[in-house]
Structures are given as C-alpha cells and as structure tokens.
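The following paragraphs lead through one protein structure, beginning with a single residue and widening to the whole chain. Please keep the sequence and the model in view while reading.

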Amino acid sequence: LKLQFLYFIARMEDYKLNDGTSHPGIGFGTYKVGIIPSQASGQNGVKGVTGKNIKDVVACALEAGYRMLDCAAFYENEAEIGEALGGQAKKVYVCSKVWTSTIYKGREAIVEDVDRMLSDLKVDCLDLLLLHWPVPGKHVEAYKVLQELKDAGKVKSIGVSNYTIEDYKTLMASEGVHVKPVVNQIEVNPFLYRKTTIEFFQSEGVLVQAYRPLGAGKKLGDPTLVAMAEKYSMTVAQLLLRFLLQAGICPLPKSETPERIRSNLHIPAVTLPPADMEGIMAMTTQENREANIELYLKCIVRDTPVTLHERPHVTSD
C-alpha cells in the first residue's frame, strides 16, 4: 500500500523574521528565467534569452501557489517580472539584491538602483532587499544605505547574501550598523551543506535562504537520493526541498517547466528520520567546500576594481 501524505502548498507556514515581519515558507527563484544575464558565464556582456516567456513562467508559479519571488539586479529581468506581476504585486513577497558593482560605487548608485527596482517591479516598497555579495571594504557602508532605505519606507526588511560567518561578524561589529540582517541567502543543497555556517546564522536569528536547493539539478539521478525518494513516494527534487524545510531553511527552487514548478511546491509533509537527514548532509565533500571558497573569493570582487591582496580566512563548513 502506498503511504498517503499531506502536502504543503500555497499556505505553507511562514517564517517569522527577527524584525517581526513574515516571510513565505518557500520562494520561487528567477535567475535565468526568460533572460540570461549579460554578465553570466559565457555571455561575454551580451544578454541572452532562454526561449521561455517570463510572463508565462511567473503566471504558472503564482497559479501554483508561490507567494515569494527572489529577484536581483544582476538577473536583468526585473522589468519583465514586473510586467508579469501586473496587479498581483501587492499579494507577492518580493525580494531583490544589490549587485557588486553598485555596492562598490556606493550610496548614490545604490539609492538609484533601488528606485529602478521599484519602478521595474511595479511595487511601492520591496519586502526584502539584500546585498548580493560582501564586497571587501565596501559592503558595510552599503549595508548602512540599506538601513536608510528601510527608514525611508522603500524597503521593509534588509539582509545579506553569500556572507560568511566572518563577514557577518565584521558587519555587526561596525559602527553605525544597528539593524540585524533578517536573511542570509547562500547556496545550500546536499552537495554543499555547510553545517557550521548554517547553524551559526540560525543561532543569530537570521533566516537562511537556499539558492540552488537542487544543486542545479546535476545530481538528481544520484542512486542514494533516488532510493530514498522512492521510499517516501516523492521525487528527488521534493526530497531535497523537504530536507531543507525540515532543517529550518527556506528553499528557492526555480524552473521554467510547469510540471516541475508545481511539483517543487507540492512537497509531501513526511518527516525524514534523523538517519536520512544526516545521510543527506554527509553528501557534502571537502572538495565541494573548497570549490565554494574559491567561488566566493572570485565573486566578492566580481565586476569591481577591488583586488584581494591577501587571502581572507573564511569558515569552509
């Protein structure tokens, strides 16, 4: 007999953020939805298209029950997403991120870009605004600008993305920083599960959002995961999302395929036993952790003239 499961759908339980606001339990990622950013790998500064209509994809996500869209200046599709949202913008939790080049330029550029975001996304106020990467020597002052924007009513909540424990400690120890980030958006999946980092931010009351929660879909055929998913009568993607939700992490899956968009939201509410949770976490290798550090070191200075004169110490786990 097949086990019968309840399903999480649009009314999945919200997270309560440390500033008192509510955050949907799962979000819809919009990177490379409809548009391939000009600065994405292999684009050589030329914006591309994926072949899918952004309005159709966003409409599908909203119809399926997603109540949060994860956007960013870097993605170069916010105007199209705003058009797709139409009159539904007030019903959707909208997050965006300030890119490294804007962080480097400072206050005036950040304020200008946020005004552009509001116009493109057709909202009066962003629900959440993050710094995309902690640009060395620049991210603290940029975060102070986010505090100003929050005070001005242009942003409800502010946070960070791709911050290490060390970046966060530097930020919070800085003079003039008085608003704790509500979120740290980082890559989290079975192949990059940094337990020390995740538990640190959770202990600080900072919600961990997970981009690439499915590991970019590259290992959905892993025999261990396939067998585990079959045991619970779900897809591997659903298993990985269930794993993150159970770990108190907000996943941000993305897809342009209607069936997968719906399936990624309709997650069986089975409780994974500790042995399975630990087995999934154990799939992260030291090689993956080291590769993640190299990516971090590259991206924190990406599209800026900043040069790292010495290799900073960062927690790899």
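Leaving aside residues up to four places away in sequence, Thr 164 touches Phe 201, Tyr 296 and Val 314. Thr 164 lies in the loop that connects β10 (155–161) with α6 (165–172). Its relative accessibility is 4%, so Thr 164 counts as buried, the cut-off for that class being under 20%. The model in which these contacts are found is a predicted one.

On one side, five bridges join β12 to β11 (residues 183–187), and the two strands run parallel. Ala 210 can be followed across both pairings: Ile 186 stands opposite Ala 210, and Ala 210 stands opposite Pro 251 in β13.

How many of the five residues of β12 are buried? Five of the five are, and the strand is mostly covered. In a regular strand, side chains alternate between the two faces of the sheet. In β12, Leu 207, Gln 209 and Tyr 211 point one way, whereas Val 208 and Ala 210 point the other way, and all of these residues are buried.

The chain then leaves the strand. Arg 212 is located in the loop between β12 and α8 (223–231). With a relative accessibility of 38%, Arg 212 counts as partly exposed. Its phi is near 50 degrees, a positive value in a residue other than glycine. Another residue with a positive phi is Glu 76, which is not a glycine either and has a value of about 60 degrees. Glu 76 sits in the loop between β7 (68–70) and α2 (78–85), and its relative accessibility of 25% places Glu 76 in the partly exposed class.

Is Glu 278 buried or exposed? This residue, found in helix α11 (residues 274–281), has a relative accessible area of 54% and is therefore exposed, since that class begins over 50%. Glu 278 and Met 234 are 44 residues apart along the chain, and their C-alpha atoms are separated by 19 Å.

The whole protein can now be considered. The protein contains twelve helices and 14 strands. For 317 residues, a compact globule would have a radius of gyration near 20 Å, and the value of 19 Å for the protein agrees with this. Its C-alpha atoms fill a box of roughly 60 × 45 × 40 Å along the principal axes. Among contacts with a separation of 6 or more, 74% are between residues 24 or more positions apart.

Buried residues make up 55% of the 317 residues. The accessible surface comes to about 14,200 Å², and carbon and sulfur atoms account for 51% of that area. As for charge, there are 36 positive and 38 negative side chains, and the centres of the two sets lie 3 Å apart.

Technical notes
Residues are numbered from 1 along each chain as its sequence is written. This is a predicted model: local features need pLDDT of at least 70, side-chain atom pairs count only at pLDDT 80 or more; totals for chains, interfaces and linings use all residues. Side-chain values use heavy atoms; hydrogens and water are left out. Helices (H or I, at least four residues) and strands (E, at least two) are DSSP runs, numbered from the N terminus. The radius of gyration is taken over C-alpha atoms; the globule rule is 2.2 Å times the number of residues to the power 0.38. Buried means under 20% relative accessible area, exposed over 50%, partly exposed in between (1.4 Å probe, protein chains only). Contact means heavy atoms within 4.5 Å. Accessible areas come from the Shrake-Rupley method with a 1.4 Å probe; for residues, only the protein chains shown count as cover. Lys and Arg count as positive and Asp and Glu as negative; His and the chain ends are not counted. The place of a charge is taken as NZ of Lys, CZ of Arg, CG of Asp or CD of Glu. Two strands pair if DSSP finds at least two bridges between them.
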